[in-house]
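Please read it with the sequence and the 3D view open.

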Amino acid sequence: MPFLDRLQRWADERPDGTAVVVAGQRLSFSELRDAAAALVPVTPGVTVLAERNSTDFAAAFAAAVAGSRRCAVLDPTWPQQLLDSLTARIADTVPGGGPALDGSAGGGTGEGGAMGDDLADGPPDSPFLIGLTSGTTAVPKAFSRSRRSWQLSFESSVEFFGLGPDDRTLAPGPLAASLNLYALAECLYAGSAFHTLDHFDVGDAHTAVSHDGITRLVLVPTMLRLLSERGLAGGVDGSGLRSIICAGSRLDARTLEAARRWAPNATIFEYYGAAELSFVAGEGLRPGEVATAGEPGLGTGIGGPFPGVEVRILDDGGAPVPDGHDGNVCVRSGMVSDGYLWGDDGEALRCFNGWYTVGDQGYLSSGILHLLGRRSDMIITSGSNVYPHEVELALASVPGVAAAVAAGQPDDLRGQRVVAAVLPSHGGLTGTQLRAGVEDVLARNKRPLDYYLLAELPLTDRGKPSRPLLLEWIARNDPRIQRLG
């Protein structure tokens, strides 16, 4: 069961309790249950949702996974041609798939009654979610998840993050992104209030924190940086926050410092996971506490395995790698997805005798996972392997740098050359300052050869820094990027 049986329980026990708030519009548990239940009889076997954040989205999503139904959530900001193409492909690939989108939400073929007319969870091993990767640089890949995989994920994350019924979670990003969609379902499972915005806006997020009693943030590091630094500058009180949850690699030192100052009572959770694998490893830093593997910005340690997860480092042949040596980060847990419906080139999700990897590279040391980056992002320069993540962490520790993005640019002599772009926190930065800042942190072969100054970060549609977009900006002399001497 993902969360519908739990929603029924909370609607019976706490009918007036807050379930979902979107841009100030509220649904209680009983209102959400009734709205979703009314949609179930007319909801097909496979639903395609491509809607902006709203309470209607929450009800439609709940109805779309009732019984044995399946749901695909697409980003409504993707080009219409891409949305239409993906909807048609889902119709051709998934039994019960339906016609093209109408521009905001789509349906499928088959009668709702054949899937059950009750708002209830289907069989645990049945597929319910069609997940899609970001569509910024290529046609998104699609994978499938079972109801059991999300139930196990809920149990693991609720324990790890300490989510309770009295928490009020704000996930200010788009519900089309797996991080926020999962947070919505996780809160419904735990009987906890979920808040989001109709679109990300720093002022609106600060208003929610100040006036809605938000105790928990779920967001990406770039959003945390903005909320923390502008919150400090604007006198927004973040002391009521008890936990901050950031997905991805370790936070850079500047972001962590700003978050600790703005939300002094919050435990800051850093974790690594992947849409195909679910949660892998992480660590919660209580107020003033230092990370196990040292302060962020100075290392790659992301923490120990999540509850119910085993982590190993294996080479390309599936053999174990000794501690301290890097290889494929592989996991074994009941939270792993069922695999791809399309887009798997044999490398996207690999399995070594029950151990799964998406190609992220790292190593284990004293039980702590150190994350180096995706194999596909690795820069091979003059025969040496350089992970952009290491370069970005080093640059983020340089005074005056708000954020950094590194990538490998084609080079006739070296194969690839390391280049990096930085977003300044204030004032100007020079190439000399950046070179001096990483001299004692990075080996010579890992230091960027060219530096650029950014007017804004090159971001994916999910709000994450995009290395391919950085290279595109450099190639076309985009006005948002300026080369430093």
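Ala-421 has Tyr-452 in β26 as its bridge partner. The model is predicted, so local features need pLDDT of at least 70 and side-chain atom pairs count only at pLDDT 80 or more, while totals for chains, interfaces and linings use all residues. Residues are numbered from 1 along each chain as its sequence is written, and side-chain values use heavy atoms, with hydrogens and water left out.

**The sheet β24 to β27**
- Strand β25 (residues 415-424) and strand β26 (residues 450-454) run parallel and are joined by four bridges; helices (H or I, at least four residues) and strands (E, at least two) are DSSP runs, numbered from the N terminus.
- An open sheet of four strands has the order β24-β25-β26-β27, with mixed pairing; two strands pair if DSSP finds at least two bridges between them.
- At the edges are β24 (401-411) and β27 (481-484), each of which pairs on one side only.
- On average, neighbouring strands of this sheet are turned by 30 degrees against each other, direction ignored.
- Helix α11 (residues 431-438) packs on the sheet and touches β24, β25, β26 and β27, where contact means heavy atoms within 4.5 Å.
- The direction of α11 makes about 115 degrees with that of β26; axes are lines fitted to C-alpha atoms, for helices over the stretch in contact, and angles run from 0 to 180 degrees between N-to-C directions.

**Helices α2 and α3**
- Helix α2 (residues 29-39) packs against helix α3 (residues 55-64) at an angle of about 55 degrees, and their axes are 8 Å apart.
- That angle makes α2 oblique to α3 (under 35 degrees counts as roughly parallel, over 145 as roughly antiparallel, 65 to 115 as roughly perpendicular and the rest as oblique).
- Leu-32, Ala-35, Ala-36 and Leu-39 of α2 make the contact with Ala-58, Ala-59, Ala-60, Ala-62 and Ala-63 of α3.
- The residues of this contact are nine nonpolar, no polar and no charged (Ala, Val, Leu, Ile, Met, Phe, Trp, Tyr, Cys and Pro count as nonpolar, Asp, Glu, Lys and Arg as charged, and the others, Gly among them, as polar).

- The axes of helix α8 (residues 221-234) and helix α9 (residues 253-262) come within 8 Å and cross at roughly 50 degrees, which makes α8 oblique to α9.
- The contact residues include Leu-224, Leu-227 and Leu-232 of α8 and Ala-258, Ala-259 and Trp-262 of α9.
- By class, the contact of α8 with α9 has seven nonpolar, three polar and four charged residues.
- Helix α7 (residues 202-211) packs with α8 at about 75 degrees, with the axes 10 Å apart, and this makes α7 roughly perpendicular to α8.
- In α7, Val-202, Ala-205 and His-206 meet Leu-226, Leu-227, Arg-230 and Gly-231 of α8.
- The contact of α7 with α8 divides into four nonpolar, two polar and one charged.

**Aromatic pairs**
- The count comes to 19 aromatic pairs, where rings of Phe, Tyr and Trp (its six-membered ring) pair if their centres lie within 6.5 Å, and planes under 30 degrees apart count as stacked, over 60 as edge-to-face and the rest as tilted.
- The rings of Tyr-271 and Phe-306 are edge-to-face because their planes are at 75 degrees, with the centres 6.0 Å apart.
- Tyr-271 lies in strand β12 (residues 267-274) and Phe-306 in the loop between β14 (301-305) and β15 (310-314), so the pair ties together parts that are 35 residues apart in sequence.
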